Amino acid sequence: MQQINIQYYNSPCGELILASVGDDLCLCDWNKMPCSEHNKNRLTRYMNADFKIETSLVLEQTKLQLDEYFLGTRRSFEIPLYPVGTDFQKKVWSALLEIPYGETRSYKDIAQNIGNPKGSRAVAGAIGVNGISILIPCHRVIGSNRSLTGFAGGLEAKRILLELETE
């Protein structure tokens, strides 16, 4: 059984749970929200792993880079990621990584980008289970009418993240 190290991070938009396996970040999620329990369970299932509150180099680097991000001095992350999901989910999450800092895309834009123009709902489902929030920037996806739509950390957290990136 593998060990997944976890730490907690207090962000301006709520507490995050961070997790690493080996030298990679596998979770950056909104603690005590239904999504984080679902994503932790998925990690346990896919990786046959146990969680242990312990730090690692990548967790410390992630905290430092999140500090810089929230201070407005970091626009991209240099953290090795280990997203756990289906091939389709990983394809969607990869497309999210292409959204530049300070910009947004719609679910339809992402669906078109991955070659599935009628797949907006499937894209929304994949975005909804993104377990590496902020670093895989699902907060940059909005409705086609430019409205803020569902976000695992809550719409207020999404608004704060988008405002931070437009300052």
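The model is predicted: local features need pLDDT of at least 70, side-chain atom pairs count only at pLDDT 80 or more, and totals for chains, interfaces and linings use all residues. Residues are numbered from 1 along each chain as its sequence is written, and side-chain values use heavy atoms, with hydrogens and water left out.

## Overall fold

The protein chain has 6 helices and 6 strands. These elements are DSSP runs, numbered from the N terminus: helices are H or I with at least four residues, strands are E with at least two. Their order along the sequence is β-β-β-α-β-α-α-β-α-α-β-α.

The C-alpha trace spans about 45 × 35 × 25 Å along its principal axes. The radius of gyration of the protein chain is 15 Å, which agrees with the value near 15 Å for a compact globule of 167 residues. That radius is taken over C-alpha atoms, and the globule rule is 2.2 Å times the number of residues to the power 0.38.

Contacts (heavy atoms within 4.5 Å) also tell about the fold. Among those with a separation of 6 or more, 61% join residues 24 or more positions apart.

## Burial and core

Of the 167 residues, 48% count as buried. Buried means under 20% relative accessible area, exposed means over 50%, and partly exposed lies in between (1.4 Å probe, protein chains only).

The largest nonpolar core has 37 residues. Such a core is a set of buried Ala, Val, Leu, Ile, Met, Phe, Trp, Tyr and Cys residues joined through side-chain atoms within 4.5 Å. Which members touch the most other members? They are Leu-25, Leu-66, Phe-70 and Leu-96. Elements that give two or more residues to this core include strand S2 (14-21), strand S3 (24-30), helix H2 (57-71) and helix H3 (87-97). H2 gives the largest share, 5 residues.

Most residues other than glycine have a negative phi. Asn-48 has a positive phi although it is not a glycine, and Ile-134 also has a positive value as a residue other than glycine.

| Residue | Phi | Loop between | Relative accessibility |
|---|---|---|---|
| Asn-48 | about 50° | helix H1 (34-47) and strand S4 (49-53) | 46% |

Asn-48 counts as partly exposed.
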